[in-house]
Each structure stands twice: as C-alpha cells, then as structure tokens.
Amino acid sequence: MKYTYLVSCLVQASLACRLTVDHSVQERADTFQNPVVYEDFADNDVSVGPDGLYYFSASNMHYSPGAPILRSGDLVNWELIGHSVPSLDFGEKYNLTNGHAYRGGTWASTMRFRESNGLWYWIGCVDFWYTYIYTAKDVTGPWTRAAVLPGGTCYYDCGLLIDDDDTMYVVYGATDVSVAELSEDGLSQVQTKHIFSASDVGKDGIEGNRMYKKDGLYYILDDHPGDITYIWKSESPWGPYESKILVDGVKSPVPNGGAPHQGSLIQASTGDWYYMSFTWAYPSGRMPVLAPIKWGNDGFPYFVSDNAGGWGSSYPAPLPLKSVKEWTRTDTFDGDALGPDWEWNHNPDETKYKVTDGGVTLSTVTVTDDLYAARNTLTHRIHGEFPVGTLQVDFSNMADGDRFGLAAFRDRTAYIGIHRDGVKYTLSVVHNITQEESAWNTTSKGNIVATTTDIPTDKAIWLRASLDARASGSYAANFSYSTDGQTFTQLGEPYTMWTNWAYFMGYRFGIFNYATKDLGGSVRALSFTSA
C-alpha cells in the first residue's frame with residue numbers, strides 16, 4: 001500500500017518538532033532539558049580535560065571503533081569527537097570471521113587525562129578476562145594500545161582516579177569491589193585489595209564503579225543494577241568505607257524510561273557538582289541525563305530532585321550554554337574518511353569500502369543469507385523521539401544475488417532494500433530478522449512483507465526509515481522510498497521495534513550490502529541524512 005502523503009507529513013512534522021526543541025534549548029540559557037543527548041550513550045565516565053572542557057567516555061560494545069568520546073563546554077551540549085579504541089582487535093570473532101561478538105567489546109570503561117605525562121588513558125575489560133589500556137597525547141587520537149594486563153585480571157566496570165600525588169588507582173568489580181594501584185607509568189598493576197561487597201549493603205550485586213577524591217576523602221560511586229546508586233566514603237583508597245544511598249528508584253525524566261542509577265560525578269568550573277546518569281528508554285537505548293547534587297554536613301552528596309521527587313526533566317543550566325554541531329544533519333561523505341558518527345557492526349574489512357569526496361562505496365564482503373553474519377554493515381545512532389534516516393544510493397554496480405538496504409538495526413531488525421536476482425531488481429521490506437538473547441545466534445532471517453519492482457532505470461534511489469523511538473510511543477518503524485529525493489512512498493506496514501534490554505544497545509540506522517551468491521558487487525552511498 002502507498003502512503004506518500006502521510007509519510008511526507010509525518011517526516012515534516014518530526015523535523016519541525018525537533019527544530020523547535022533544539023532552538024529552545026539553545027536559546028534558554030537559564031535551563032537545560034533531559035536527556036542532554038537523545039541518543040544511546042551509556043555507562044558514562046565524565047571528567048575535566050586539560051583545556052577545562054568536559055569529556056564523556058561511553059560504551060558501544062560490538063560496534064567499531066570502540067569507546068566513543070564526547071566533548072562539552074557546558075555539561076549540556078555535547079558533540080561526538082572520536083573513539084578511544086580504534087579497532088576491536090580482540091580476536092577473530094570481532095571481525096565476524098570466526099563467530100561473532102554481539103554484546104561484547106567495550107563497556108563500562110574509564111577515561112582520564114594525566115597531567116604529569118600529558119597522556120589520556122582509557123582502561124576497560126573485554127570478554128570478562130583481559131583488561132586493555134589505550135593512551136593518546138590528544139583526546140581525538142591517534143589512540144594506541146599501550147598494555148594488556150595478564151589474563152584473568154578483569155577491571156570490570158572500572159573507574160580511574162589519579163591522586164594528588166599522581167598515583168593511579170582503579171576501582172572495579174561486581175558484587176565484590178576492589179581497588180588496584182597501577183605502576184608509575186600506569187600500564188601494569190602493583191597491588192590490588194578487596195574493599196567492600198554488595199552484601200555490606202544487603203544486596204546481591206553492585207557494579208558501575210567510579211572513584212573520586214574531594215576534600216582529602218576518597219569516594220566510590222556504584223549501583224545496584226536497576227534502581228539504587230550508592231556513594232562510599234573513606235579516608236584511604238584502601239578503606240574502610242562507609243556508604244549512603246544517593247538515589248533509589250528515582251523516576252526517569254523520560255516518559256516510560258527506567259530509573260537512572262549508574263553514571264559519574266563531575267564538578268563544574270563554578271564549584272557545583274552534578275550527577276550524569278542514564279535512563280533505559282528503548283527503542284532509543286540508554287540516554288544520558290544530568291542532575292545537580294549537593295554536599296551535606298556528613299560529607300556525603302545528596303540528590304536534587306524535582307518537586308515530585310523524581311529526576312527533573314529540566315534544571316538550571318550548570319554553565320552558560322555553548323553551541324555545538326547539530327546532531328541531526330546530512331553527511332555527503334566529503335574527504336577520505338568517515339566521521340565519528342559512523343560505527344561498524346564489528347570490525348570492517350578495510351579493503352572492501354572506500355570513502356571519497358561525495359560518497360562511500362560498500363563492496364560485498366560476505367556470502368551469506370544472514371544479515372547478522374554480513375561484514376561491513378555501517379551504523380549511525382538514531383536521534384530524538386521521531387528519528388528519520390534517509391539514504392541516497394547508487395546501486396548500479398550490484399551483482400546477481402546481492403542484497404543492500406537501510407535497516408532499523410538491532411537484535412530484531414527490519415529494513416527496506418534492493419534484492420537483485422539475475423536481471424530482476426526488487427525493492428523489498430523485510431521484517432523480524434531476529435537473534436536469540438543468550439548466545440546471540442540468528443533464529444530468523446526475516447520475512448518479506450512488501451515488494452515493488454518500480455525500480456528507477458538509472459539505479460539511483462532514496463531509502464528512508466521513520467521511527468517512533470519514544471519509550472512511551474508506538475515503537476513503529478515505517479519504510480519508504482523515493483526516485484527524486486522529494487516525494488516518498490511508504491512500502492509495507494509499520495514494523496514494531498523490540499524494546500527488551502538484553503542487547504543493551506538501542507536501535508540504529510544500518511546500511512548494509514552483502515552477497516548471497518558471489519562477491520564482486522558494490523553500492524555507493526551518496527548521502528545520509530539523520531533528522
């Protein structure tokens with residue numbers, strides 16, 4: 001069925017709504033709105049850089065490059081500037097060549113600048129076994145792997161503190177929490193000591209550890225998964241520690257979002273303190289939310305709630321708001337490299353894509369009929385309540401058996417794309433490509449729900465995915481196409497996106513091209529608009 005007029009209206013309404021929201025945040029310098037970024041950036045570790053700006057390290061798991069970095073001048077307006085892990089060089093499965101690494105990779109890591117040697121450090125545990133340390137002179141890179149700790153030394157959910165005397169400590173652990181002291185160069189472990197356990201607060205688990213020092217006291221921030229943030233205080237990094245609850249089941253500022261409970265503390269240049277957490281709000285993902293905290297006479301911080309006792313949807317701005325590059329924009333792939341907005345599903349085959357002025361060519365890498373096994377799927381985070389992704393593509397060099405398209409990509413995926421079989425080209429919408437939630441094996445390769453052979457003779461087309469990504473919304477993904485970039489025609493009924501938490505990452509736009517017969521074909525993405 002065709003819904004050209006309806007789709008056009010929905011897209012225009014979405015664009016108008018977003019422009020209004022973005023404008024109000026930029027202009028109303030006295031307040032800010034949560035979430036501070038309406039995108040999937042979880043497990044934040046926020047710190048101050050040598051330039052006085054704020055840096056935010058996040059998780060992106062099996063997407064490559066790993067460990068995205070955001071920067072802000074005001075704690076509210078953020079821009080994505082790079083990654084700490086240039087490639088997920090953790091074994092063949094991260095290349096999709098000998099298994100897969102879905103839900104592996106980089107998560108709950110830590111990043112800090114060390115003034116004494118002018119280096120940035122990123123530390124994270126991968127596959128629950130190895131801890132990797134990457135360093136860089138410049139936060140935007142190049143980052144290089146500086147060390148791998150011995151197998152079995154896993155700094156799980158870790159936080160780095162560089163003390164006043166330049167000693168480096170890492171707090172880590174789940175259920176049982178320890179502190180490690182690092183060597184003088186920060187690249188090996190000198191000693192480690194268990195400091196407290198979840199049972200000390202009557203819980204079965206704690207995680208999400210961060211470490212701070214204030215007024216000569218050491219603090220550890222962590223959480224009981226799902227509801228409670230704890231803050232622990234001691235006169236020594238080795239303890240003993242006493243604890244207090246910072247938040248407990250606080251209502252999310254995002255309708256139908258989960259209670260914020262994990263994140264990091266940050267002191268603004270004004271001297272005021274803030275708690276950056278995230279709310280679980282699928283299908284968008286885990287989105288960062290910010291709130292002020294105050295310090296009591298007992299030396300513990302307390303949370304500043306809204307009038308209803310929840311996490312406020314709006315608070316006074318920490319600092320004068322700074323303009324940053326818009327999150328929603330058109331990428332015409334200028335230059336010879338992809339920007340930091342783009343991440344691959346697992347590591348790409350570097351020989352099978354090429355970025356040149358005006359486009360990125362994606363050659364087929366894998367012969368398969370399973371999208372989750374296909375290499376070089378290029379992904380882009382969705383933004384806002386009603387994200388719209390539009391791909392302009394030249395598919396004149398497709399080979400027989402090739403499949404390319406634009407997906408609403410997650411562990412349950414749908415897409416619109418071109419299937420070539422012999423001389424026949426079919427524009428298809430496919431629903432319910434599915435992974436199971438333990439080993440992440442593919443259980444369904446999807447069902448074709450709509451087709452058309454209305455294919456432009458010049459083999460150029462615009463594909464669009466229009467989503468309702470609100471946690472309180474319909475979760476609908478609508479797919480449409482255009483032959484002129486102006487008038488779009490919906491193809492197929494809406495797909496209902498999956499909102500379970502187990503995959504952790506939220507939905508993304510995914511651009512894929514794989515072969516079902518022989519390699520040799522390619523498509524060229526000319527532009528992509530995130531709106």
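A residue counts as buried under 20% relative accessible area, as exposed over 50%, and as partly exposed in between. W129 has a relative accessible area of 46%, so W129 is partly exposed. The model is predicted. W129 lies in the loop between β8 (119–126) and β9 (130–136). Together with Y130 and V148, W129 makes a nonpolar surface patch of about 290 Å².

Between β15 and β16 (residues 217–224), the antiparallel pairing covers 6 bridges. Y212 has Y219 in β16 as its bridge partner.

Strand β32 (residues 424–435) is mostly covered, with 10 of its 12 residues buried. Strand β31 (residues 412–421) runs antiparallel to β32 and is joined to it by 9 bridges. In this pairing, Y415 stands opposite V430 of β32. The two strands form a hairpin with 2 residues between them, and G422 in the turn has a positive phi of about 65 degrees.

Strand β32 is also joined to β33 (residues 442–452), by 8 bridges and again in the antiparallel sense. Here L427 stands opposite T452 in β33. The hairpin of β32 and β33 has 6 residues between the strands, and W440 takes a positive phi near 65 degrees.

Note on methods
Residues numbered from 1 in each chain as written. Predicted model: local features only at pLDDT ≥ 70, side-chain atom pairs only at ≥ 80, totals over all residues. Heavy atoms only, no water. Pairing = 2+ DSSP bridges. Helix = DSSP H or I, 4+ residues; strand = E, 2+ residues; numbered from the N terminus. Patch = residues over 30% accessible without salt bridge, like charges linked within 9 Å, V, L, I, M, F, W, Y side chains within 5 Å. Areas by Shrake-Rupley, 256 points an atom, 1.4 Å probe, with all protein chains shown as cover. Salt bridge = Lys/Arg side-chain N within 4 Å of Asp/Glu carboxyl O. Buried < 20%, exposed > 50% of the residue type's maximum accessible area, 1.4 Å probe, protein only.
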